[in-house]
Amino acid sequence: QVQLVESGGGLVQAGGSLRLSCAASGRTFGSSIMGWFRQAPGKERGIVAAIGRGGGRLYYTDSVKGRFTISRDNAKNTLYLQMNSLKPNDTAIYYCAARGSRYDSGRDYIRPDEYDYWGQGTPVSVSS
């Protein structure tokens, strides 16, 4: 089991930055593939970024490439998302997610149903 708690969301002007954190409890964080997802009002939840167990195998959705950076500190059981050059269409609830002890084929895991544990979400609002 992994329990996840996000923090760091807020209101920011376009062009600004935020750093999201996701604190994980449980002994399996270091062995879990992790992801950040977001859900805007009226839209489906979608992948933002994902990271492999050791901090490699990075994936970014096209719209955030070059602006967002996903990272993890396994010693602190914490996942991060550094968001720079924020745009109004980045406005959403941001969720961190952990993929449980499932078979890993080495591909990118980018669908919500490929993750087993979720945080409660933290809101990000970007004004123009």
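The structure is a predicted model, in which local features need pLDDT of at least 70 and side-chain atom pairs count only at pLDDT 80 or more, while totals for chains, interfaces and linings use all residues. Residues are numbered from 1 along each chain as its sequence is written, and side-chain values use heavy atoms, with hydrogens and water left out.

The disulfide joins C22 to C96, with an S to S distance of 1.9 Å. The torsion about the S-S bond of C22 and C96 is about 45°, so this disulfide is right-handed. Because C22 lies in strand β3 and C96 in strand β9, the pair ties together parts that are 74 residues apart in sequence; strands (E, at least two residues) are DSSP runs, numbered from the N terminus. Both C22 and C96 are buried, where buried means under 20% relative accessible area, calculated with a 1.4 Å probe on protein chains only.

Strand β9 is mostly covered, with seven of its eight residues buried. Seven bridges join β4 to β9, and these two strands run antiparallel; two strands are said to pair if DSSP finds at least two bridges between them. In this pairing W36 stands opposite C96 in β9. Three bridges join β9 to β11, again in an antiparallel arrangement, and A92 has V124 as its bridge partner in β11. Strand β9 is also joined by two bridges to β10 (residues 117–118), which runs antiparallel to β9, and there A98 stands opposite Y117.

Another group of strands forms an open sheet of four, in the order β1-β3-β8-β7, with antiparallel pairing. Its edge strands are β1 (3–7) and β7, each of which pairs on one side only. Neighbouring strands of this sheet are turned by 15° against each other on average, direction ignored, an angle taken between axes, which are lines fitted to C-alpha atoms, where angles run from 0 to 180 degrees between N-to-C directions. Within the sheet, six bridges join β7 to β8, and F68 stands opposite M83 in β8.

What lies in the interior? In soluble globular proteins, nonpolar side chains tend to be buried together. A nonpolar core is a set of buried Ala, Val, Leu, Ile, Met, Phe, Trp, Tyr and Cys residues joined through side-chain atoms within 4.5 Å. The largest core here has 27 residues, of which W36, L79, L81, M83 and Y94 touch the most other members. Strands that each supply at least two residues of this core include β3 (18–25), β4 (33–39), β8 (78–83) and β9 (92–99). Apart from this core lies another, of seven residues, among them I33, F37, I47 and Y115.

Two residues show how such surroundings look in detail, with contact meaning heavy atoms within 4.5 Å. V48 is found in strand β5 and has a relative accessible area of 0%, so V48 is buried. Leaving aside neighbours within four places in sequence, V48 is in contact with residues including W36, F37, Y59, V64, L81 and Y94. The C-alpha atoms of V48 and C96, 48 residues apart along the chain, are separated by 9.7 Å.

Note on methods. Buried means under 20% relative accessible area, exposed over 50%, partly exposed in between (1.4 Å probe, protein chains only). A disulfide is a pair of cysteine sulfur atoms within 2.5 Å.
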